[in-house]
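I set out to record a few look-ups in this structure. The entries below follow the order in which I made them.

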There are 2 protein chains.
Amino acid sequence: MNKVAILGPGLLGGSIALALRARGIFVSIWARRQGSADEAMEGGFADEASTSLAQVVREAEIVVLCTPIEAMPGLARELVALLPAGCVITDVGSVKATVVTALTAIFEQAYFVGSHPMAGSEQTGMKAARADLFSGTVCIVTPNADSNPAAVALVSSFWEMLGCSVRELTPEMHDAHVAMISHFPHLLAASLVDMISEQNPAALEFCGPGFRDTTRVASGSPALWTGILLSNRDALRKSTEAMIEKLREILTLLDSQYPDQVMHEFLTQSKALRDSLRLPR
Amino acid sequence: MNKVAILGPGLLGGSIALALRARGIFVSIWARRQGSADEAMEGGFADEASTSLAQVVREAEIVVLCTPIEAMPGLARELVALLPAGCVITDVGSVKATVVTALTAIFEQAYFVGSHPMAGSEQTGMKAARADLFSGTVCIVTPNADSNPAAVALVSSFWEMLGCSVRELTPEMHDAHVAMISHFPHLLAASLVDMISEQNPAALEFCGPGFRDTTRVASGSPALWTGILLSNRDALRKSTEAMIEKLREILTLLDSQYPDQVMHEFLTQSKALRDSLRLPR
């Protein structure tokens, strides 16, 4: 791989850039503002950084869209006429069905394959970027019926090179799964903070490490997550309804006359399940 | 402080022991089984370790009960006749109203003051202990009308010495607050794992760092947490009902025709709240 173009130097774009440069690959970064392009150069994130899409994608073998998902279709429309022949495009959006449908239509003849690396942080921006952000994480690659098999293979090997285990899912299956393990937990963490601030704000003065970790994702970017959550509304509605149902079961458990055994079984089962998961370090 | 007796060498007892020894204080550990007492000695947790309560508490200035809360009343009844004059007793139980009422009645003339350091881990046992577990955390001290002021002051300075900020609450207020920021979040994390395993177990193969942190506490000890949760049932019932109500509001938000602004405000408010909290590193 000779040159990779990264469009949008945030946490993910910046981390991809660092990981690629550590592997000796030429990185070109596109930023909307000249100030961000300058920062990318000064911070050692790129071999080249510019606000000119044409310059950044020239001779690139892979173009990675790392902007918020709302900005992707507009950027794709500017990009499509500038792409070198054979260039493969991917993205890092947290929602796939709407993104893949929109971008596949725009790129038409070009080779677009959606991706979602399950890595990140509640922090945002290049300053939080790390070369090892992807190491040991899962990256979901989401081809559809229109995808070129060679492009899918290239995108998969791109993420493997950065340290990910790659799994393929359809865009729709991706959204159903990720609603459960990422989007809904984000909404739940924000809801927990909100509920406590309404019911008993004084309790928030006593938080320990459990609360710190349980609610960490609630410190994520509101703008970024508004876009993500509302692009996956149907799946989120299902998760929310299922959680309401689960909490009603908890109420029944708490109200039962001899709850010890039931509570112990419930906690044992949840612990066993969680302990069995392959989680990033 | 010349000698501290620690009853029960688990994660908390072991961490207190390490922190005290690092400060040059003589630590005596009581364990129910000889094997644990031997481990405590071999692991460098204690200057003295024994299955004899009489030996361990002899000449102790402070006795710290570090067993699961269910075991505390039985242990207290054995202990009460063995205490040196003027010795102060505290505990590390995560629930306070029931514990403080039971132990105050048992200790009568002796100086008991309840404590709850907001520190811990999903791991258990001496092996997970760390000398700096309490550094930068909050410890809630819970005197009641029967508490001796000098004993309260001694217990507070004991926790401050270990690196905690000490706050006083009544046992009842403690339980109401801690239900919100610790007990209910534990139940919520276990419920999230359980809900996903019922609705979409395949999604659990794709978990990233967000899910890892959101559900970390669900890997805690089922036996320990059954005792804690069921000792604080009334407060947990309130938190669970309030969370069901909050998730119903989320459904309304998701179903609204123009949810962007409302979602953005909701996430912005939760983020601002969480970012304003003093959390342990």
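**Strand pairing in chain B**

The model is a predicted one. Within this pair, I found Val138(B) opposite Ser165(B) of E9(B).

I then placed the pair in its sheet, an open one of 3 strands in chain B, ordered E7-E8-E9 and with mixed pairing. Its edge strands are E7 (114-117) and E9 (165-168) of chain B, each of which pairs on one side only. I noted an average twist of 25° from one strand to the next.

**The sheet in chain A**

I turned to chain A, where an open sheet of 3 strands has the order E7-E8-E9 and mixed pairing. Here strands E7 (114-117) and E9 (165-168) of chain A form the edges, each pairing on one side only. The twist from one strand to the next averages 25°.

I examined how E7(A) meets strand E8 (residues 138-142) of chain A: they run antiparallel and share 4 bridges. Pro117(A) has Cys139(A) of E8(A) opposite to it.

I located Ala76(A) in helix H4 (residues 72-79) of chain A.

Beyond its neighbours within four places in sequence, Ala76(A) is in contact with Leu103(A), Ile106(A) and Phe107(A). I also looked up Ala102(A), which is 26 residues from Ala76(A) along the chain, with 9.3 Å between the two C-alpha atoms.

Key:
Residues are numbered from 1 along each chain as its sequence is written. Chains are lettered from A and ligands numbered from 1 in the order in which they are written. This is a predicted model: local features need pLDDT of at least 70, side-chain atom pairs count only at pLDDT 80 or more; totals for chains, interfaces and linings use all residues. Helices (H or I, at least four residues) and strands (E, at least two) are DSSP runs, numbered from the N terminus. Two residues are in contact if their C-beta atoms, placed from the backbone, lie within 7 Å. Two strands pair if DSSP finds at least two bridges between them. Axes are lines fitted to C-alpha atoms, for helices over the stretch in contact, and angles run from 0 to 180 degrees between N-to-C directions.
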